[in-house]
Amino acid sequence: MSNFKSLPGFREFYPEDFAERRFLFQVWRQVARRFSFQEFDGPVLESLELFKAKSGDEIESQLFCFEDKGDREVSLRPELTPTLARMVAARANSLKRPIKWFSIGDNFRYERTQKGRLRCFTQLNADILGEAGPAAELELISLLIQLIQGFGLGQDDFFIRLSDRNLWMLYLEAQGFQEEAPKILEIVDKWERMPEEVAREKLSAIAGERGEGLQASITAFLKVGNLAELSAAFEAVSSGADVGEALQARVDDWSTLLDGFESMGLAGFVEMDLSIVRGLAYYTGFVFEAFDRAKSNRAIAGGGRYNNLIKKMGGPDMPAVGFGMGDVVLADILKERGIMPKFVDTVDAYMVIGGEAERAVALADANALRQSGFSVDYPFKNSGFGKQFKAASASGARVALIYGSEELEKGVVKLRDLNDRSEEDVPRERLMLALRDRLS
RNA sequence: GUGGUUAUAGCUCAGUUGGUUAGAGCACCGGUUUGUGGUAUCGGGGGUCGCGGGUUCGAAUCCCGUUAGCCACCCCA
């Protein structure tokens, strides 16, 4: 055994593992293409500053960063969004809108590994840029739903929690907490994991003697599950600034979006759940996460609107919404439910070869068949027919092509169907056609 | 970063109160039937028992350290 090991949090993909990976990517690409998203990619290594610019200096502790030989501070990418923002910003004026892009690539985070979290993971990223209205959210979230449905998961298996940082801002503003809102949202993000006393303490530190009332109003807001409950919640707190107009516009957006899901027949997948605010302050509107209904896993995917980021990264003012979906949690879920297909790298035909004279003929056919697009395999060494048929079975081939002395004499190849065990002699010049028929 | 837990063959695991050369099943390779395949039979290769130190006449087994895996917290772009 070698003394060399792979680094912590980095995976190796043996052929059977890689087949699962390829399956995930295939489904992702197929579905993304159905939605007319275009695939792109960026550098895996970027300047450290790029990520700090988006997320702040604290991010460095979780980055795979180092100094390169040219004394540049660099980092493996922990996410794709800053790269995407830069790429879009660079050609913002010439890109046809809406911009619908996706990417499948490896990302790196220097963190302690645990279930569903590694140091190198693959993420599907999908973003829509240049559209400020909820049509973008509708398109993106319906893509997200089909991406998961593509693996055979349905309404009973997963759902989307839809929330809105705008509503939270308005709600807090209505209570006179406009400036304190970002800090309050940080607390809301951790609400479920935080004992009530701790929450009260923290809110009091921000809102003084109004902390207790704020805690009650947050608790009420978290229970909102539809638009009627939403307006009721606002009516109950209307003591601060008048947000009536902005609220109405926002409610209209919600209606448009929810109606859209209804039209698409996807309403059963989406739940209004204001407990999702997502920790990142750069989200500016709708935010959402996809969850296993069993809830035993981490979020399958998460995203939201980030209208200020492109400008912050040096680009023009451009609205954007996007999400990321990792391969680790998704693969875990598929395996838990036993719907990860078992894969064998199969071939169309496996050759059974009698001896040296027969081998010369078989090699000629093997090369010709391969050039024509068939996948063909054959044993390197001469051995008994019994052994070769075992190998043929193990290869997953649909048919065995038998090159024996009898066949050689007659100028034919015996074609054996390994499923129904039927056999037929085929003249060598007709082999390609016969094989095509048999495989179709 | 904090805490818990585990570590024996490629995989799943045995291994007695510390006692000779560390085992099994599966997988892999080879032979039995000199032209017919999932489950037959015989054989083979493969392990410094995660690594390092200590206790002991003797350590896979006991003690300490360390690394790695797993799990939870923190964080989650």
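The model is predicted, so local features need pLDDT of at least 70 and side-chain atom pairs count only at pLDDT 80 or more, while totals for chains, interfaces and linings use all residues. Residues are numbered from 1 along each chain as its sequence is written, chains are lettered from A and ligands numbered from 1 in the order in which they are written, and side-chain values use heavy atoms, with hydrogens and water left out.

I noted that strand 15 (residues 412-417) and strand 16 run antiparallel and are joined by five bridges. Strands (E, at least two residues) and helices (H or I, at least four) are DSSP runs, numbered from the N terminus. Helix 16 (residues 431-439) touches strand 12, strand 14, strand 15 and strand 16, and its direction makes about 5° with that of strand 15. Contact means heavy atoms within 4.5 Å; axes are lines fitted to C-alpha atoms, for helices over the stretch in contact, and angles run from 0 to 180 degrees between N-to-C directions.

I then traced the open sheet of five strands, with the order 13-12-14-15-16 and mixed pairing. Two strands pair if DSSP finds at least two bridges between them. Strand 13 (376-377) and strand 16 (423-427) are the edge strands, each pairing on one side only.

I turned to another open sheet, of eight strands, in the order 1-5-6-11-10-9-7-8. Strand 1 (38-39) and strand 8 (270-272) each have a single partner strand, so one side of each is left without a neighbour in the sheet.
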